[in-house]
Amino acid sequence: MNRNVNIIEDLDGNQIVLINDILFKSKRNVNWNDVEAYLKQYVGEFFTIAATNEIVYIGADLPDEYTHSNYTRILKGANAKAKANAVQGLPEMIQIASGRCYEENKKEKHQADARFGWYRYESRLALPVYGKSGELERYNVFHVARLFRHNKDGKMYLYDIMNIKKETSKLFRSSDLTQ
């Protein structure tokens, strides 16, 4: 898996996953089947959240849930493109996850796969925006919520990325971000 992804800091010291390549390009609709195929490469892997030292696993259910969830179906434009391209930075987004928030499982259908509830963490990612001449103009930065399910086997599994919001308060140029 060849990825061009870094963890950087903005001028305020906040960590951001910088995804340098746009793999899933589309003016109108994202090809979610391609995204699902890409995600299958991660199944069976595990990554650590640096802030809590918790291990997060990638289960076989992630590719389908991530690409065909109700939340994914309603996404349009930049937010759909952000979710699609975020798959390249899954390990890094798990690593920098912060703001742990627990919620009990309330749905009968998740009695087994989220028996011990849900954890929501926050992450940020940046995607490049290129001008008509192909030169890098800026980065769009997105705030996302990472949803992890706490399985009956006691392990946490990545379930989905939700609540994608483009940050509009600041314009990030390549000179604003440090490695």
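**Group meeting talk: a tour of one predicted structure**

Good morning. Glu-45 is found in the loop between α1 and β3. Residues are numbered from 1 along each chain as its sequence is written, and side-chain values use heavy atoms, with hydrogens and water left out.

With a relative accessible area of 39%, Glu-45 is partly exposed. Here buried means under 20% relative accessible area, exposed means over 50%, and partly exposed is in between, using a 1.4 Å probe and protein chains only. Which residues does Glu-45 touch, leaving aside neighbours within four places in sequence? They are Val-56, Tyr-57 and Ile-58, where contact means heavy atoms within 4.5 Å. The C-alpha atoms of Glu-45 and Tyr-57 are separated by 6.0 Å, although these residues stand twelve apart along the chain.

Let me now turn to the chain as a whole. The protein chain has five helices and eight strands; these are DSSP runs numbered from the N terminus, with helices being H or I of at least four residues and strands E of at least two. Along the sequence, the pattern is β-β-α-β-β-α-α-α-α-β-β-β-β. Of its 179 residues, 47% count as buried. Among contacts between residues at least 6 apart in sequence, 62% join residues at least 24 apart.

Next, the interior. A nonpolar core is a set of buried Ala, Val, Leu, Ile, Met, Phe, Trp, Tyr and Cys residues joined through side-chain atoms within 4.5 Å. The largest such core has 40 residues, and Val-35, Leu-125 and Phe-148 are those with the most contacts inside it. Another core lies apart from it and has six residues, among them Ile-8, Leu-18, Ala-126 and Tyr-139. Not counting residues up to four places away in sequence, Val-35 touches Phe-24, Val-30, Tyr-66, Thr-67, Ala-84 and Val-87.

Val-35 also belongs to helix α1, residues 32-39, whose buried residues are Trp-32, Val-35, Glu-36, Tyr-38 and Leu-39. As background, an α-helix has 3.6 residues a turn, so residues three or four places apart point the same way. The cover over the buried residues of α1 includes α2 (62-68), α3 (70-74), α4 (77-86) and α5 (90-95).

I come now to the aromatic rings. Rings of Phe, Tyr and Trp (its six-membered ring) pair if their centres lie within 6.5 Å; planes under 30 degrees apart count as stacked, over 60 as edge-to-face and the rest as tilted. How many aromatic pairs does a search of the whole structure find? It finds eight. In one of these pairs, the ring centres of Phe-46 and Tyr-57 are 5.7 Å apart and the planes are at 45 degrees, so the pair is tilted. Phe-46 lies in strand β3 (residues 46-49) and Tyr-57 in strand β4 (residues 54-57), so this pair ties together parts that are eleven residues apart in sequence. Trp-118 and Tyr-159 form an edge-to-face pair, at 4.8 Å centre to centre and with 70 degrees between the planes. Trp-118 is buried at 10% relative accessibility, and Tyr-159 is buried with a relative accessible area of 10%. Ring pairs also link Phe-24, Tyr-38, Tyr-42 and Phe-47 into a cluster.

Two lysines lie over ring faces: Lys-83 at 4.7 Å from the ring centre of Tyr-66, and Lys-155 at 4.7 Å from that of Tyr-57. A charge sits over a ring if NZ of Lys or CZ of Arg is within 6 Å of the ring centre and within 35 degrees of the ring normal.

Finally, a word on backbone angles. Most residues other than glycine have a negative phi. Asn-53, in the loop between β3 and β4, has a positive phi near 65 degrees. Asn-163, in strand β8, has a positive phi near 50 degrees. Thank you for your attention.

Key:
This is a predicted model: local features need pLDDT of at least 70, side-chain atom pairs count only at pLDDT 80 or more; totals for chains, interfaces and linings use all residues.
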